Amino acid sequence: MVQSSVLGFPRMGANRDLKKANEAYWADKLSRDELVKEAKRLRLAHWQIQKDAGVDVIPSNDFAFYDHLLDHIQLFNAVPERYSSAKLDALDEYFAMGRGHQKDGVDVPSLEMVKWFDSNYHYVKPTLQDNQTFTLSSDPKPVREFLEAKEAGIITRPVLVGPVSFLHLGKADRGQSVDPISLISKLVPVYVELLKKLKEAGAETVQIDEPILVQDLPQKVKDAFKPVYEALTASGLPKLVLATYFGDVVHNFDVFPALQGVSAIHVDLVRNPEQLEAVVGKLGPNQILSAGVVDGRNIWKTNFKRAIETVESAIQKLGKDRVIVATSSSLLHTPHSLEAEKKLDAEVKDWFSFAVQKVSEVTVIAKAVTEGPASVREALEANAKSMESRATSKRTNNKDVKDRQAGVKPADLERQSPFPQRLAAQKTHLKLPIFPTTTIGSFPQTKEIRIQRNKFTKGEITAEEYERFIEKEIEEVVRIQEELDLDVLVHGEPERNDMVQYFGERLDGYSFTTNGWVQSYGSRCVRPPIVVGDISRPAAMTVKESKYAASISKKPMKGMLTGPITCLRWSFPRDDVHQSVQAQQLALAIRDEVVDLEAAGVFVIQIDEPALREGLPLRAGEEREKYLSWAVDSFKLSAAGVQDSTQIHSHFCYSEFQDFFHAIAALDADVLSIENSKSDAKLLKVFEDKEYPRHIGPGVYDIHSPRVPSQQEIEERISEMLQWLKPEQLWINPDCGLKTRQWKETKAALTNMVNSAKSYRQKHSA
Ligand SMILES: CN1c2c(nc(N)[nH]c2=O)NC[C@@H]1CNc1ccc(C(=O)N[C@@H](CCC(=O)N[C@@H](CCC(=O)N[C@@H](CCC(=O)O)C(=O)O)C(=O)O)C(=O)O)cc1
Ligand SMILES: N[C@@H](CCS)C(=O)O
Ligand SMILES: [Zn+2]
């Protein structure tokens, strides 16, 4: 019999229940016990969904209050001393690492959070010390949750992040120089102890994720697999299913001999179906293939015919007992259920499948290959109809869009003049001081803003009433920025539910959901819009708000747009057309918006591209360069329609730009704002080394945490930056937008930031 399996289920619940519970707990509106109870309810509900659908292998320990890497940090007592010494309750210590803690005399910033591979999910980086030790927590979460499911009558397969990935995805703490992988021999005994405890609890099999196997790995990391998996596959421990996802493992086949002891290897056959044959050829004589054929990263219905063919071809070589049908990755990256979508157009709804539906898909495919297609004939016929409907839909063939794309010329990608001329024109036009201050766009999205938007969406207030409310918000944000004495103002983005969803809702070729939430980090969720056809802009999207904001202040107003790559990456893209085509369609739509903003009197325009980096193919090489070429072209096409005197900003909220610096430089943006407050300022050295000529605002404080940075702290940060950047180049801004913050901390932090800039201006003129 071919088993069906799910690698992980979304944690938030049908109605973002976990987000609501976490946030209520943080606001002292929910007790610890109530939060714990709610988490248990969600876990049980999610296991039950999978059990009811008939999934054979159901995961546990895929739940996390905040993030699963953070769970492992606490599980192995790899908690940096600044948190453990605060003597907080275990749950509060956990949240302190995730989001910082500034209460009752304890003041600790959060640990660094970075993108989970090429997804829009963020994980907390294991942050390691030179004298790092690991011990197993006294009440290990994976065991606790396994027993919880068992008590409910569900035997699960616990999921762990593997030790090699845990360390390789980590880093040395600030001021430490430890090479994370050198700690492997200290960590492995803790995994062994944990596996023993899981076995004692009744876990026969454990899923151990080693997703780094899809990346290029240094030899020493590859070498670590052998001793690790010898130890973890010793007798008396549960069987291991080693899971990889988001790429192919063929380039790491030299590691496979080290994995001979694991009972199964999971590979992503949605992303890289071509690896199937090679992987099958590399399996040991009894090893099982877990075939990831149901996409954990997108919302399209699985093409059953294609998936069944893939699984059948594995069965032909391995036999039915050595193949498992699985999701390609955890379903963490998909919304909970399509059932909640009452407003979706019926045509496109028929093309989609969210987590709950995907769970059923794995069971249908497993049944089809076990008992034959006749056993699921109805499901196969319905699926074939959906595939046919999508392939022949009018939505995907917009002649006007295609004609415009065909007419794009190389000159459309270039600004009128090189940077020095533009800079001169912008100086005259904008008259900014040295160390100019600005923010990244959004200001706090208060409860009141969300309530009003909700009322508008439900038709409880009119468009006019909502517009008036937004104008009032903009006016207030502008006044506050004037009081703070910022130099380049923003309108605050109060009208935007999300920086991508907002644009998706205004562009033709997109569909959007009412409840299709996906966790981005911690309690924060996004509702990615879905690209269902060719994209075009039926009308201006942001001009009204930016024009209004510009009209009520004498200071320069920065217009705020989301760039083509970010719009694409943070949407669910089409899988029937290359992403470069979708990006160019988006670029043309945004170009029109940029030109309209300039015509409306907005002469500083920021085109955010925070997703540019996460789109990088995971391995270096030709694919990466191809991606960067079309991605950079899309950005340039979106930005180049303006005069020299109009200043184009771009924003990236990450600091890992070394490996594609040439692409950042090629964007030719006049000003870049980047995340930097939580990384080593010496990362900025690359700007000096490469003699980067344009202006840069490395974030001077972290916006993910409610913590207020002191003026001294910000000045120290600026001083570090000035080791690598020229004063004339440096802008002073936070790491990212302020939408997740409260006003109180926002004003306090920006006051300190503006004062720091002023202090530097004085030092500079002295
Ligand atoms: C900058 N980042 C973004 C990423 N991806 C995006 N798509 N967008 C981003 O901004 N990736 C990287 C980073 C970090 N990520 C995030 C992600 C999400 C948030 C965030 O603040 N999310 C909000 C939801 C935002 C939103 O869409 N809000 C809507 C709906 C609000 C709502 O919940 N309404 C209620 C009713 C009103 C009420 O009573 O409150 C409801 O529907 O029940 C809106 O504003 O209209 C979140 O809350 O998680 C930040 C950074
Ligand atoms: N302009 C956006 C960028 C986020 S990456 C904001 O400020 O929220
Ligand atoms: Zn950002």
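Predicted model: local features only at pLDDT ≥ 70, side-chain atom pairs only at ≥ 80, totals over all residues.
Conventions, quickly. Residues are numbered from 1 along each chain as its sequence is written, chains are lettered from A and ligands numbered from 1 in the order written. Local features need pLDDT of at least 70, side-chain atom pairs need 80 or more, totals for chains, interfaces and linings use all residues, and side-chain values use heavy atoms, without hydrogens or water.

Zinc first. The ion is ligand 3, and its protein donors are His651 through NE2, Cys653 through SG and Cys736 through SG. They lie 2.1 to 2.3 Å from the zinc. A donor here is an N, O or S atom within 2.8 Å of the metal, or 3.2 Å for Na, K and Ca; water is not among the atoms, so sites may look incomplete. Along the chain the spacing reads H-x1-C-x82-C.

Why do we call the arrangement tetrahedral? Because the four donor atoms around the zinc ion subtend angles of 101 to 122°. The criterion for four donors is that all angles lie between 85 and 135 degrees.

Cys653 is partly exposed, at 27%. Buried means under 20%, exposed over 50%, partly exposed in between, with a 1.4 Å probe and protein chains only.

Next, ligand 2. It is surrounded by 13 residues, each with a heavy atom within 4 Å. The closest are Ile440, Ser442, Glu493, Asp608 and Gly737. By class, the shell has six nonpolar, four polar and three charged residues. Nonpolar covers Ala, Val, Leu, Ile, Met, Phe, Trp, Tyr, Cys and Pro; charged is Asp, Glu, Lys and Arg; the others, Gly among them, are polar.

Now the polar contacts, meaning N or O pairs within 3.5 Å. The Ser442 side chain comes 2.7 Å from a ligand 2 oxygen. The Asp608 side chain is 2.7 Å from a ligand 2 nitrogen. A backbone atom of Gly441 sits 3.5 Å from a ligand 2 oxygen. Taken alone, ligand 2 exposes 270 Å², and the protein buries 97% of that, by Shrake-Rupley with a 1.4 Å probe.

Last, the backbone. Most residues other than glycine have a negative phi. Glu493, from the ligand 2 shell, has phi near 55°. Glu493 is in the loop between β15 (489-490) and α19 (501-504), and is buried at 7%. Glu691 has phi near 50°. Its loop runs between α25 (685-689) and β24 (695-698), and at 67% Glu691 is exposed.

How values were computed: Tetrahedral: all angles 85-135°; square planar, octahedral: opposite > 155°, others 65-115°. Polar contact = N/O pair within 3.5 Å; in protein donor to acceptor, adjacent residues only side chain to side chain. Helix = DSSP H or I, 4+ residues; strand = E, 2+ residues; numbered from the N terminus.
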